Each structure stands twice: as C-alpha cells, then as structure tokens.
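I am opening a notebook on a structure that is new to me, and I want to record what I look up in the order in which I look it up.

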Amino acid sequence: MAKVKTTDVTAKIVDLLTPLNSVDRQRIIQASFVLLGETPITQKKDDGGGDDKNLNNDDANGISRQAKNWMKQNSITVDQLQQVFHLADGNAEVIASEIPGKDVKSKTINAYILKGISRMLSTGDSGFDDKSARALCKNSGCYSDANHSVYIKAKGNKLTGSKDAGWKLTAPGMKFGADLVKQVIGGND
C-alpha cells in the first residue's frame with residue numbers, strides 16, 4: 001500500500017470543510033474523531049488546572065454556575081454542549097440538526113425540554129416562555145398547529161407551568177434534558 005502524505009490528507013479535508021460554517025466544521029471534526037475511536041479535541045484554554053478548573057471558570061463560554069453544576073452531575077462537557085447549543089455572549093441557542101423523538105409528539109416535548117436547558121445554560125434558570133419554545137418547534141419541523149396543545153399536555157413530570165405563565169423544567173426534566181443532550185450527540189449507549 002502506498003504511503004499517504006499528511007499534507008495531501010490535510011488539503012483534501014480543508015477542501016471538503018471550506019464551504020461549511022464554523023459550527024458544522026467543528027461538528028464534523030469531532031464526529032470524525034469519535035468514529036475513529038480517538039479522544040475528541042477540546043477547545044479550552046490550557047490554564048494548567050484541568051477540566052474542573054475550566055468548568056468552574058465563570059467566564060467559560062458564558063455558562064451559568066447552575067448549569068456547570070448540572071453538567072458535572074450528568075457528566076456533560078462543554079464540547080458536548082457545543083454540538084447541541086450555540087454558546088456565545090451569555091446565550092445558548094438550540095442548534096441540534098434534529099430534535100430526538102420517535103414521533104412529532106415526543107419531539108415537541110423534547111424541544112421544550114431543550115429550550116429549558118438552553119435557558120438554564122445562559123441564565124441559571126430553566127424557565128422559558130411558550131412563544132420561544134413554539135418557535136423552536138417550528139424551526140425544527142416538529143410543530144403541529146392542530147395538535148400542539150394536546151402534545152404539551154403529555155409532558156408528564158418533566159415540565160411545570162402553562163402557555164400563559166411560561167414553563168420551567170422540573171428535576172426529572174433536568175435529568176431527562178441531560179439524556180437528550182447525550183442522545184443528540186450519539187452519547188447514549
């Protein structure tokens with residue numbers, strides 16, 4: 001077999017990644033490492049303190065202190081979050097290419113949970129308004145005008161609140177949200 005030159009491989013990869021945006025490029029590289037059985041690349045500043053010190057840094061990606069505790073409890077890294085949420089300027093926006101779920105009903109509930117997680121990441125409070133959650137459902141293709149209200153009534157113990165008062169994740173909802181993040185990135189075994 002002919003020896004492969006590193007520079008040739010690099011040139012091919014750069015050609016393939018050039019038309020994509022930065023988030024997609026990073027996702028592809030991280031996914032490639034996972035598929036190859038390699039340790040994912042971290043984009044943390046090396047402060048000599050390890051992962052916990054970086055996670056506890058108040059300026060790290062604008063993630064709230066409450067979210068950092070949630071991440072630690074659920075073994076979720078910043079790199080994993082960045083595959084599901086765009087973290088910038090103290091905000092977390094859901095960017096998952098697809099909301100997990102076997103049908104529109106479960107995808108709708110999961111979208112609401114991911115919305116709560118995104119708010120918790122940026123503010124420390126998992127409360128959110130119905131309008132923004134519906135917008136996420138519409139953008140993700142899991143909004144059913146005729147059945148949306150019926151789907152939300154099947155939320156179980158993961159959410160509390162109402163359309164008018166707004167929603168908030170419960171403790172089971174926070175745990176389920178962590179599982180959703182892992183599911184989106186393929187981390188569930």
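Which pattern of helices and strands does the chain follow when read along the sequence? I read α-α-α-α-α-β-β-α-α-α-β-β-α, with nine helices and four strands in the chain. Helices (H or I, at least four residues) and strands (E, at least two) are DSSP runs, numbered from the N terminus.

Before going on, I note that this is a predicted model, in which local features need pLDDT of at least 70 and side-chain atom pairs count only at pLDDT 80 or more, while totals for chains, interfaces and linings use all residues. Residues are numbered from 1 along each chain as its sequence is written, and side-chain values use heavy atoms, with hydrogens and water left out.

**Entry: the whole chain**

I looked up burial and found that 36% of the 189 residues of the chain count as buried, where buried means under 20% relative accessible area, exposed over 50%, and partly exposed in between (1.4 Å probe, protein chains only). I then turned to contacts, meaning heavy atoms within 4.5 Å. Of the contacts in the chain with a separation of 6 or more, 54% are accounted for by residues 24 or more positions apart.

**Entry: the core**

How many residues does the largest nonpolar core have? I find 35 residues, and those with the most contacts inside this core are Trp 70, Leu 81, Phe 85 and Leu 121. A nonpolar core here is a set of buried Ala, Val, Leu, Ile, Met, Phe, Trp, Tyr and Cys residues joined through side-chain atoms within 4.5 Å. At least two residues of this core come from each of α4, α5 (78-81), β1 (85-88), β2 (91-94), α6 (104-123), α7 (130-140), β4 (166-169) and α9 (171-184). The element that gives the most to this core is α6, with eight residues. As background, I note that nonpolar side chains tend to be buried together in soluble globular proteins.

I followed Trp 70 next, which lies in helix α4 (residues 65-73). Is Trp 70 buried or exposed? Trp 70 counts as buried because its relative accessibility is 4%. Leaving aside neighbours within four places in sequence, I find Trp 70 in contact with Ile 76, Leu 81, Ile 117, Met 120, Leu 121, Met 174, Gly 177, Ala 178 and Val 181. Ile 117 is 47 residues from Trp 70 along the chain, and their C-alpha atoms are separated by 9.9 Å. A polar atom of the Trp 70 side chain lies 3.0 Å from the backbone oxygen of Met 174.

With neighbours within four places in sequence again left aside, Leu 121 is in contact with residues including Gly 62, Ala 67, Trp 70, Leu 81, Phe 85 and Ala 92.

Angles under 35 degrees count as roughly parallel, over 145 as roughly antiparallel, 65 to 115 as roughly perpendicular and the rest as oblique.

For α4 and α6, I note an angle of about 120° and axes 6 Å apart. That angle makes α4 oblique to α6. Gln 66, Ala 67 and Trp 70 of α4 make the contact with Ile 117, Met 120 and Leu 121 of α6.

For α6 and α9, the angle is about 100° and the axes are 9 Å apart. This makes α6 roughly perpendicular to α9. Among the residues making the contact are Ile 117 and Met 120 of α6 and Met 174, Gly 177 and Val 181 of α9.

For α6 and α7, the angle is about 125° with the axes 9 Å apart, and these helices are therefore oblique to each other. Residues that meet there include Tyr 112 in α6 and Asp 130 and Arg 134 in α7.

**Entry: Arg 134**

I stayed with Arg 134, which lies in helix α7 and is buried, with a relative accessible area of 15%. Not counting residues up to four places away in sequence, Arg 134 touches Tyr 112, Tyr 143, His 148, Ser 149 and Lys 163.

**Entry: two loop residues**

Where does Ser 75 lie? I find Ser 75 in the loop between α4 and α5, exposed at a relative accessible area of 56%, and its phi is near 55°, a positive value in a residue other than glycine. Asp 89, in the loop between β1 and β2, has a positive phi of about 55° although it is not a glycine, and Asp 89 is exposed, with a relative accessible area of 78%.

Key:
Polar contact = N/O pair within 3.5 Å; in protein donor to acceptor, adjacent residues only side chain to side chain. Axes fitted to C-alpha atoms, helices over the stretch in contact; angles between N-to-C directions.
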